[in-house]
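Here is a briefing on the charged side chains of a predicted model, and on how some of them pair with one another. Please keep the sequence and the structure in view while you read.

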Amino acid sequence: MATVLICRRFPRLSRVTTFSTTAKCKAKSGSSKSEEEKEETPERPTTRSESTATIQLLNPLDYRVLYNPSAYARSRAASQQHAAASCGDTFTSPGTTQVQHTVGSTPSQAWPPVRKALPKPRSKPVLKQNISAGLSAAHTKEEAEEEKSELHDSKEDPRVFQKGRPEYRSLSYDKSEPVETLPLEEGDSILRSVATSKGSQSPATITDHFVKLSRLPVEQHAALVSNPRFNQLCQCAVKSMGLFSTSDLIHVLKACVRLVVPPTHPLLNACEDEFCRRVWDMNLDQVLLVADCWRCLERSVPSYLSILFSYANMHWKDLTLPHFVQLLYIIGEGRRSPADLMQKVESMILKHLDSFTLEEVGAICLGLFKSLSGISDHVMRRIADRVSLQMEDMSTYALVNVLKVLRYTRMDHLPLLKELGKVIPARIPAINIQGIMHITLTCSSLHYFDEGIMAAVAMLLPSKVAYCRSKDAAKFLWSFGCLDYEPLNEEEFYSSLIEQMHRKLHEFAKFPEHLLTGLLGLAFVKRFPEELIDYALRDEFIQRTRSSKYELQKDLFTLSKSVEIECPNYQGSRLPAQLSQEITEMVLTFAEQEIYVRPEIVEATSLLESMLGGREYVKNHMILPHTRSSDLEVHLAMDGHPIPFNFKDAVGDKKLRDIGVSLTDDLMSQLIKGRSDIQAPMEVDNEARAHRQERGEQGWTPGSGRDRAVLSGASLADACLEASPSLRPNRHPRGLKLAIQVSNRNHYCYCSKRLLGLHRLKRRQLQQLGYVVVELPFWEWFPLLKRTRLEKLSYLHYKVFDPALLGRAA
């Protein structure tokens with residue numbers, strides 16, 4: 001078979017490298033949906049011939065080329081089979097097999113392969129036509145099933161828990177309830193009677209008309225709602241609103257749900273006002289049922305919900321388990337968190353936790369997440385305890401709802417996370433893109449790295465990337481970059497997501513935060529798509545970020561400065577100098593108030609000043625303000641001696657020290673003759689070693705055979721290197737600039753020593769600027785904070801005067 005040379009222009013990435021590949025691939029249609037369409041709408045892939053991938057990249061130094069739901073809908077048959085076999089799990093089909101992908105470096109693998117055509121027969125043209133028709137039908141059916149599995153009904157999917165108990169039938173509108181279809185002729189007859197009655201019909205008759213008309217065939221509903229005679233019936237209902245019984249009024253509202261009456265319809269305005277007046281005369285079932293109908297109509301009813309919450313507060317002792325779960329569902333769908341109820345909510349969760357079905361647990365968590373309700377660590381941990389023990393039996397949709405609130409509360413529940421790593425990888429092929437995104441985002445938000453989960457996501461994603469919204473693509477890039485994970489199909493994975501970011505470019509005008517999220521995730525792993533970066537740093541886009549509900553200036557700053565350091569050949573837009581300066585000042589002000597003053601950093605700074613000879617030898621600042629963390633900068637000559645450089649801080653320190661110092665005879669004697677009790681460097685080193693041996697300590701040992709600072713636990717005057725700067729060697733033309741990192745747990749993945757993407761980026765950029773990064777890891781430095789001054793000084797001496805550093809520089 002002849003080799004087909006494919007020529008395809010991929011978005012430019014920041015590294016100048018050109019290569020070509022021989023492949024065929026299926027690509028997405030160039031058409032995109034309008035900005036007015038909902039963000040959730042997935043694009044449907046179409047085929048077009050592609051031709052040799054030429055990828056042009058702007059070189060970030062040392063670039064390596066190696067190989068994140070709200071939705072989980074499945075085909076109905078698969079869902080029903082799994083429901084029967086797995087405790088009502090209607091979202092994950094156990095019969096779905098793991099999708100296998102060929103791993104390679106060709107960008108064309110970002111798309112599903114083009115199906116091979118059958119050989120053309122020389123005879124039997126009828127057979128040929130039948131085969132072609134059959135293949136076409138199968139192809140269409142397969143695509144339809146795949147697209148259907150990706151769709152999410154944000155109105156119906158959260159209501160699955162209502163199918164688990166018969167009690168919910170009186171508390172919620174059941175869309176699946178069988179209804180006898182009304183003949184069209186009878187419908188016409190009702191409308192004629194409305195026209196002739198001229199508004200003289202009784203409330204009971206009006207109710208009967210609404211109920212019967214709602215039983216017309218579904219395809220007739222849109223025409224009915226726009227029919228003038230139906231509007232006349234609605235006007236009759238509005239005029240008689242106060243005369244309806246509560247039961248009849250609920251029947252009218254349910255008929256409106258079945259007919260899909262627009263949420264702004266005048267009849268619904270009148271119904272809401274009337275129900276608000278009647279709430280206190282209704283029973284608990286009716287109050288919750290009406291709220292459920294408003295949700296089905298997608299109508300915002302803040303006044304009714306406020307009264308409902310007050311009603312629930314007054315009748316709290318009357319709430320049964322189904323009442324409570326339905327109330328939490330309403331709270332979530334209304335995006336409102338009644339503060340006076342939350343303490344009672346937590347008590348009720350603990351009371352019924354073992355009695356909830358797993359779907360109800362998921363519904364409660366979704367309600368808490370959507371309403372941004374605070375939940376105590378104790379209650380969240382109890383929920384996580386139960387889920388970790390029954391995760392295998394839980395639907396993926398319910399599980400992800402638990403993960404959402406776990407992410408929101410920042411709960412580090414290790415048993416649940418470990419169990420997630422056992423259960424989720426096998427389910428990934430059966431979960432839709434939004435669900436996979438939420439799972440991935442939970443892992444990155446909690447800084448929890450599980451290679452099984454991340455690898456399963458990476459292998460599947462390129463084949464389903466067409467269903468990614470701008471938000472999904474951005475969160476995937478952020479999650480993988482945050483956890484600094486390079487999947488085996490790295491090039492295929494990233495090229496497909498970058499392509500999708502280009503297709504969704506129109507969405508970033510409305511959601512600018514998603515573009516910056518994705519680009520920062522790419523920057524963490526040394527990928528800089530030039531065209532997207534140029535778009536993000538244009539004045540028009542920067543103006544859009546100002547109107548966002550999120551603070552995006554720091555993200556712009558991090559992106560711009562990272563490009564400046566790592567992509568010297570970049571010629572696109574840049575952050576305006578004035579804005580960059582404003583953000584720098586803002587970041588530095590925050591650092592002075594919140595970062596520089598942290599005890600572990602203050603202690604390290606003070607001890608280094610003592611060890612090296614004064615403030616002019618150490619600077620506690622942000623070498624790279626855009627990375628939002630501090631550094632202790634130290635300069636060393638090639639012979640290992642420290643070099644003074646921080647004269648600004650040293651002068652300020654001296655001015656403060658000059659105030660109130662009394663020159664006594666003893667002090668003058670010490671300055672002239674020196675102290676008699678100063679220990680020699682080797683004596684101090686031996687003392688420190690003996691002290692460690694007494695405690696049975698292992699690990700680091702200060703270097704020997706070279707000049708070292710004298711370490712002592714008494715005071716600044718106890719170190720022999722605490723001499724006047726004039727006694728120091730002159731600045732050496734060559735030397736080392738050390739960037740000492742005082743790390744903490746938030747710099748690493750949870751329960752590991754795997755550095756997170758932002759801090760990996762920072763160290764990489766410091767090295768590119770000529771700094772040698774020296775870390776005081778939290779697992780070493782934090783325990784030392786409780787030890788003696790001598791031990792801390794000895795440890796810092798070992799870190800700063802490591803022979804390997806000087807050898808590397810030489």
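K762 is buried, since its relative accessible area is 1%, and D631 is likewise buried, with a relative accessible area of 1%. The side chains of these two residues, D631 and K762, meet in a salt bridge with an N to O distance of 2.8 Å. Because D631 belongs to strand 4 (residues 631-637) while K762 belongs to helix 30 (residues 757-768), the pair ties together parts that are 131 residues apart in sequence.

**Background and count**

- Side chains of opposite charge can pair when their charged atoms come close.
- In this predicted model, the count comes to 25 salt bridges.

**A pair between a helix and a loop**

- R381 and D412 form a salt bridge through their side chains, at 3.7 Å from N to O.
- R381 lies in helix 14 (residues 377-390), whereas D412 lies in the loop between helix 15 (396-409) and helix 16 (414-427), so this pair ties together parts that are 31 residues apart in sequence.
- R381 is partly exposed, at 34% relative accessibility, and D412 is also partly exposed, with a relative accessible area of 36%.

- The side chains of R538 and D534 meet in a salt bridge, with 2.9 Å from N to O.
- D534 is buried, with a relative accessible area of 17%, whereas R538 counts as partly exposed at 33% relative accessibility.

**A network**

- Salt bridges also link R295, E333, R335 and K370 into a network.

Conventions
Residues numbered from 1 in each chain as written. Predicted model: local features only at pLDDT ≥ 70, side-chain atom pairs only at ≥ 80, totals over all residues. Heavy atoms only, no water. Salt bridge = Lys/Arg side-chain N within 4 Å of Asp/Glu carboxyl O. Helix = DSSP H or I, 4+ residues; strand = E, 2+ residues; numbered from the N terminus. Buried < 20%, exposed > 50% of the residue type's maximum accessible area, 1.4 Å probe, protein only.
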